[in-house]
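Reader: I have some questions about the terms used for this model. Please set each value against its definition.

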Amino acid sequence: MTDTPYVPPKVWTWNKENGGQFASINRPIAGPTHDKELPVGKHPFQLYSLATPNGVKVTVMLEELLALGHKGAEYDAWLIKIGNGDQFGSGFVDINPNSKIPALMDRSGPEPIRIFESGSILFYLAEKFGAFLPKEIKARTEAMSWLFWQMGSAPYLGGGFGHFYAYAPFKIEYAIDRFAMEVKRQLDVLDRRLADNEYLAGKEYTIADMAVWPWYGALAKGLVYGAGEFLSVQDYKNVQRWTDEIAKRPAVKRGRMVNRVSGDPASQLHERHDASDFETKTQDKVAPAT
């Protein structure tokens, strides 16, 4: 870091890594870096993901569908290690040209269908199974509005606040202040909505909650970026109530475990191919004894 003011060049060129925790996987071009086919399991849905907030959205949705009795929602969940660049393999890029998790293949029909972007996956599954998205137009529109709110807002939380507060190679006061202000505004938006509504779309638990909870629920409990105290997350009482209520759901508990590679080994199910895997294949059971 230098005290010399930065003056942007006339034309930007990529001549160095940008620094920070994810510097090795950031680049200004798309497309695959290597050839690698993706595995395919036995179930209708093949999920390629990691238990980041965006990945958790989809595993929660699939587990919720299965809990409702939708056997057609059975899935294989394959681990994509983004730190290793798995998302730049040719097979993954064929499903998601944007090289971001999660990516889903629906192989239940005569021709496989690819679905990428977490909000699109939630909507696709809700439409396919007629679940977690109200049919009445007002409630449906409210759910979709909050779904799109999350898609537009979370980049300020993750790529903005999270990056500069937790991952950047040095602290920049202006950047942290700018994004902390925005994240606290977003928390206030949620808190005001949840003051008079059990869930984001109203009385009904929907894909809007599944989209928002992995990001803002984790933030409200101080589980991301080590920023709970910094952001005074305890002050958002309605967000706290909503977060706790969703966290109690059995399908949410299972969904959070799938493709998880950090935390308590008992909470990590690196791959999921059968419902019994939650009982027999978590890392505390498969990892070698030390």
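Author: Start with Tyr-6, which is found in the segment before strand S1 (45-49). Strands are DSSP runs of E, at least two residues, and helices are runs of H or I, at least four; both are numbered from the N terminus. The model is predicted: local features need pLDDT of at least 70, side-chain atom pairs count only at 80 or more, and totals for chains, interfaces and linings use all residues. Residues are numbered from 1 along each chain as its sequence is written, and side-chain values use heavy atoms, without hydrogens or water.

Reader: Why is Tyr-6 called exposed?

Author: Exposed means over 50% relative accessible area, buried under 20%, and partly exposed in between (1.4 Å probe, protein chains only). Tyr-6 has 62% relative accessibility, so Tyr-6 counts as exposed.

Reader: What makes the nonpolar surface patch of about 450 Å²?

Author: Tyr-6, Trp-12 and Trp-14 make it. Patch residues have over 30% relative accessible area and no salt bridge; nonpolar side chains (Val, Leu, Ile, Met, Phe, Trp, Tyr) are joined within 5 Å, like charges within 9 Å. A salt bridge would be a side-chain nitrogen of Lys or Arg within 4 Å of a carboxyl oxygen of Asp or Glu.

Reader: How do you know whether Gln-46 is buried or exposed?

Author: Gln-46 lies in strand S1. Its relative accessible area is 0%, so Gln-46 is buried.

Reader: What joins the side chains of Gln-46 and Asp-76?

Author: A polar contact of 2.7 Å. The term needs a pair of N or O atoms within 3.5 Å; within protein, one must be able to donate a hydrogen and the other to accept it, and residues adjacent in sequence count only if both atoms are side-chain atoms.

Reader: Why is Lys-253 called partly exposed?

Author: Lys-253 lies in helix H8 (residues 250-257). Its relative accessible area is 49%, so Lys-253 is partly exposed.

Reader: And what makes Ala-201 count as buried?

Author: Ala-201 lies in the loop between helix H5 (173-195) and H6. Its relative accessibility is 12%, so it counts as buried.

Reader: Where does H6 bend?

Author: At Trp-213, by about 50°; Pro-214 follows within four residues. The bend is the angle between axes fitted to the seven residues ending at a residue and the seven starting there.

Reader: How many residues of H6 are buried?

Author: 14 of its 14, so H6 is mostly covered.

Methods
Areas by Shrake-Rupley, 256 points an atom, 1.4 Å probe, with all protein chains shown as cover.
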